[in-house]
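Hi there,

Here is the structure I promised to pass on. Have a look at it first, and my notes follow below.

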Amino acid sequence: MADILKGNIIIHCHSYRADEINMLMNVCKDFGVKKLCFQHVNEGFKVAPELAAFGAGASVFSDWWAYKFEVYYSTAFNAAILTKNGVVTSINSDDAGMIRHLFHEAGKTQRYGQLSDDEALALITINPAKQLGVADRIGSIEVGKEGDIAVFDQHPLSVYAIPQLTIIDGIIRFDRQNDAADMRLSVDPSQPVPSFNFEDNLHQHIDRCMQGTEEVWKYLFESGKK
């Protein structure tokens, strides 16, 4: 808490609704806390001017909402509205698959909001670096920064773009042309691919889809009898 008050730690707050976003900004104002970044921020477009005035960042989903009550309402224009209001905005995902192609997610902001190439790319490069307080090291290609670069065969915001090289600290970590083939590069159509909800346990496929629900149904059944 002391480091937050001193400004040594940036608050990253999991948030959805406009009222809770506005509430935390008011609390931070009361205590003089200025380093604040909201995560998910599905209703951020409703308080975009207030976020900009505070100087808070917003790390948003490109188009996820309505998967639970408190995140019932949002818009695919969210990132664009925040950006146009001057909020340092980034695109994120807490999904294990989607996190690997945030360049596609950033590209959606050009369909929804007509962001420029620079504005859209900033959502997954320099802006998240600013929100994490490491923009002096990463987030853009500049002399003196760490050499973290991804090379694509087409425009990186294109749905057809395929990563060719991944360079971290100036070292090639992934090379599509020279690395050995594996499942990430080429799926063998002659080999079976198991369904996502099955596990190979002692050479037996076990369906885990309804695992753990037996006790729930037992409780509901017994409660109903009472």
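This is a predicted model: local features need pLDDT of at least 70, side-chain atom pairs count only at pLDDT 80 or more; totals for chains, interfaces and linings use all residues.

I began with histidine 40 for its backbone: its phi is near 80 degrees, a positive value in a residue other than glycine. Histidine 40 counts as buried because its relative accessible area is 7%, under the 20% cut-off. Aspartate 169 also has a positive phi without being glycine, near 55 degrees. Its setting is a loop, the one between β6 and β7 (171–175).

Now the overall picture. The chain has eight helices and nine strands. Of its 226 residues, 32% are buried. Taking contacts between residues at least 6 apart in sequence, 49% join residues at least 24 apart. The accessible surface of the chain is about 14,700 Å², and carbon and sulfur atoms account for 57% of that.

The largest pocket has a volume of about 1,500 Å³. It is lined by 42 residues, and those closest to its centre are Arg100, Phe103, Ala150, Phe152 and Thr166. Which elements give two or more residues to the lining? They are the helices α5 (102–111) and α7 (126–132), together with the strands β4 (89–91), β5 (149–152) and β6 (163–168). By residue class, the lining of the largest pocket holds 24 nonpolar, 13 polar and five charged residues.

Next, the charged pairs. How many salt bridges does the count come to? The count comes to eight.

- Aspartate 19 and arginine 17 meet through their side chains at 2.5 Å. Aspartate 19 is partly exposed, at 44% relative accessibility, and arginine 17 is partly exposed too, at 33%.
- Glutamate 146 pairs with arginine 137, and their closest N and O atoms are 2.8 Å apart. Glutamate 146 is partly exposed at 29%, as is arginine 137 at 39%.
- Lysine 145 pairs with glutamate 142, with 3.2 Å between the closest N and O atoms. Lysine 145 is buried, at 16% relative accessible area, whereas glutamate 142 is partly exposed at 47%.

Salt bridges also link Asp63, Glu105 and Lys108 in a network.

Is cysteine 28 buried or exposed? Cysteine 28 counts as buried because its relative accessibility is 3%, and buried means under 20%. Its place is in helix α2, which spans residues 18–31. Leaving aside residues up to four places away in sequence, cysteine 28 touches Ile11, Val33, Leu36 and Phe54. The C-alpha atoms of cysteine 28 and leucine 5 are 9.1 Å apart, while 23 residues separate the two along the chain.

That is what I found, and I hope you enjoy looking through it.

Best wishes

Notes. Residues are numbered from 1 along each chain as its sequence is written. Side-chain values use heavy atoms; hydrogens and water are left out. On a 1 Å grid over the protein atoms alone, a cavity is a set of points where a 1.4 Å probe fits but cannot get out, and a pocket is an open set with protein on both sides within 12 Å along at least five of seven lines; lining residues have an atom within 4 Å of a point. Grid points are joined across faces, edges and corners, and a volume is the space filled by probe spheres set on the points. Helices (H or I, at least four residues) and strands (E, at least two) are DSSP runs, numbered from the N terminus. Ala, Val, Leu, Ile, Met, Phe, Trp, Tyr, Cys and Pro count as nonpolar, Asp, Glu, Lys and Arg as charged, and the others, Gly among them, as polar. Buried means under 20% relative accessible area, exposed over 50%, partly exposed in between (1.4 Å probe, protein chains only). Contact means heavy atoms within 4.5 Å. Accessible areas come from the Shrake-Rupley method with a 1.4 Å probe; for residues, only the protein chains shown count as cover. A salt bridge is a side-chain nitrogen of Lys or Arg within 4 Å of a carboxyl oxygen of Asp or Glu.
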